[in-house]
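I opened a new structure today and kept notes as I went. The entries follow the order in which I looked things up.

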Amino acid sequence: MNALMPARDVYHDAVKQALIQDGWTITDDPLHLKWGRKDMYIDLGASQLLAAQKEERKIAVEVKTFRGRSELDDLEKALGQYVLYFDVLGELQPERLLYLALPIWVYESLFEEPLGQLLLRKKRLRLIVFEPTQELIEQWIPSV
């Protein structure tokens, strides 16, 4: 049975606008992946033309709010989803890099703490840290 398209995250449009302001073209909203009989939807697909190298960079972005029962529970769910999408995306569209987009206060609360620093040090994931009110990207981890 095919999965229904999931509801958009509350910050979906803010991240989309932040990417556009950062020079990215939104190519997929959402980015559909199919593996076997399973359908998955990553929130956004985007590309950016690098004029100097005359090549195109492609990314996929999963937006997370972290408004569940606990930050740790939200982190566990986000990481599980990230790993699933990372592996499927690597098989279907290996040219695309996967990023997890999260609001700046989530980054400060989780990734400036030892647990988050461990994940970043081990290079377990790529992050886009955004400011939702101003629709701005504050930081790319690692930098692009």
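**Entry 1: salt bridges**

I looked up the salt bridges and found nine in the structure. I took a salt bridge as a side-chain nitrogen of Lys or Arg within 4 Å of a carboxyl oxygen of Asp or Glu. Side chains of opposite charge can pair when their charged atoms come close.

Two notes on the source. This is a predicted model, where local features need pLDDT of at least 70, side-chain atom pairs count only at pLDDT 80 or more, and totals for chains, interfaces and linings use all residues. Residues are numbered from 1 along each chain as its sequence is written, and side-chain values use heavy atoms, with hydrogens and water left out.

I went to K16 and D29. Their closest N and O atoms are 2.8 Å apart in a salt bridge. K16 sits in helix α1 (residues 12–21) and D29 in the loop between β1 (25–28) and β2 (31–35), so the pair ties together parts that are 13 residues apart in sequence. Helices (H or I, at least four residues) and strands (E, at least two) are DSSP runs, numbered from the N terminus.

I then checked accessibility. Buried means under 20% relative accessible area, exposed means over 50%, and partly exposed lies in between (1.4 Å probe, protein chains only). K16 is partly exposed at 22%. D29 is partly exposed too, at 24%.

My next pair was K34 and D39. Their salt bridge has its closest N and O atoms 3.5 Å apart. K34 is partly exposed at 39%, whereas D39 is buried at 9%.

Then I took D73 and K77. The closest N and O atoms of this salt bridge are 3.4 Å apart. Both residues are in helix α2 (residues 71–92), and because they are four residues apart, about one helical turn separates them. D73 is buried at 14% relative accessibility, but K77 is exposed at 55%.

**Entry 2: M40**

I moved to M40, in strand β3 (residues 38–42). Is M40 buried or exposed? It is buried, at 9% relative accessibility.

I listed the contacts of M40, with contact meaning heavy atoms within 4.5 Å. Leaving aside neighbours within four places in sequence, M40 touches L31, H32, L33, W35, L84, Y85 and V88. I followed up V88. It is 48 residues from M40 along the chain, and the two C-alpha atoms are 9.2 Å apart.

**Entry 3: the whole chain**

I counted four helices and eight strands in the protein. Along the sequence I read α-β-β-β-β-β-α-β-α-α-β-β.

I checked the radius of gyration, taken over C-alpha atoms, against the globule rule of 2.2 Å times the number of residues to the power 0.38. For 144 residues a compact globule would come near 15 Å, and the protein has 15 Å, which agrees. The C-alpha trace spans about 45 × 40 × 30 Å along its principal axes.

I noted that 43% of the 144 residues count as buried. Among contacts between residues at least 6 apart in sequence, 57% join residues at least 24 apart.

Last, I looked at charge. Lys and Arg count as positive and Asp and Glu as negative, with His and the chain ends not counted. I placed each charge at NZ of Lys, CZ of Arg, CG of Asp or CD of Glu. The protein has 18 positive and 23 negative side chains, and the centres of the two sets lie 6 Å apart.
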